[in-house]
Amino acid sequence: FKPPTARQPMQALSIVIPCYNEEDGIPQLAEQLKPVIKKLNENYTVELIFVDDGSRDNTNVLLHNYFPSDTILTHETNKNLGAALRTGFAHAHGDIVAALDSDCTYHPSVLTQMLPLLDDSTAIVTVSPYHPQGSVENVPAYRLFLSKSVSAIYRMLLKSDLHTYTAMVRVYKKDVVKNIHIQSNTFMGVTEILAKALLRGYKAKEVPVTLTARKFGISKMKTARAIRDHLKLIRSLVAYRFWSSEL
């Protein structure tokens, strides 16, 4: 007879979901997310953190209706995605912190594929539609060209094997989000935190996924601003690589 082994305490998982003018998509989010949370609760203690980033529609009301027992943080004015992530990360208590989009362009169930890939040597797992086994459906060609192009540049500059650097949906060990500060308030914050983490020696893996166009609402990304922000970050990475090689 072998005495039963004590069950290891469950890890705490915080899921941060930024929202901005997403009233049309909140019902879809609730429908897709709640079964995933139920499944995750088998292995994690889950904390949901919504950041209403200054929405001017009924996003906040719907969040309270569909997720009344979860944390809902509110920006009085729109501060953009990087700032919303920064707020969510600052309030996260989990051993693991996930970032999930509110428009379900990646199904929330992707978290069940990503979380097991965290290990002693892996601190970040990202979705990767540009992985050879990933795919893209119905995404505007100009956005696809921009994202693929800058991802190729980051892959070279960071000397990384990752294929995608612009996707928000990721899981991080707590150490990453506590030690890597997002300075950009824009969509660039997503790339910034990954680039800084890789430069500091954190290791990342990627999960091939299919990226689909959103079914509800409109994209909040401003293409011209995104291009300027990427060029700024790329210049800083080039400078970092140059000065590092000179030392």
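This is a predicted model: local features need pLDDT of at least 70, side-chain atom pairs count only at pLDDT 80 or more; totals for chains, interfaces and linings use all residues.
1. Helix α1 covers residues 26-40 and helix α2 covers residues 59-66. Their axes come within 10 Å and cross at roughly 30°. Angles under 35 degrees count as roughly parallel, so α1 and α2 are roughly parallel to each other.

2. Which residues meet where α1 contacts α2? From α1 come Ile 26, Pro 27, Ala 30 and Lys 34. From α2 come Thr 59, Leu 62, Leu 63 and Tyr 66. By type, the residues of this contact are six nonpolar, one polar and one charged.

3. Now the second largest pocket. Its volume is about 370 Å³. It is lined by 16 residues. Closest to the centre of the pocket are Gln 183, Glu 192, Lys 196, Leu 233 and Ser 236.

4. Which helix gives the largest share of the lining of the second largest pocket? That is α8, with six residues. Helices α7 (188-199) and α8 (223-246) each supply at least two residues of this lining.

Notes. Residues are numbered from 1 along each chain as its sequence is written. Side-chain values use heavy atoms; hydrogens and water are left out. On a 1 Å grid over the protein atoms alone, a cavity is a set of points where a 1.4 Å probe fits but cannot get out, and a pocket is an open set with protein on both sides within 12 Å along at least five of seven lines; lining residues have an atom within 4 Å of a point. Grid points are joined across faces, edges and corners, and a volume is the space filled by probe spheres set on the points. Helices (H or I, at least four residues) and strands (E, at least two) are DSSP runs, numbered from the N terminus. Axes are lines fitted to C-alpha atoms, for helices over the stretch in contact, and angles run from 0 to 180 degrees between N-to-C directions. Angles under 35 degrees count as roughly parallel, over 145 as roughly antiparallel, 65 to 115 as roughly perpendicular and the rest as oblique. Contact means heavy atoms within 4.5 Å. Ala, Val, Leu, Ile, Met, Phe, Trp, Tyr, Cys and Pro count as nonpolar, Asp, Glu, Lys and Arg as charged, and the others, Gly among them, as polar.
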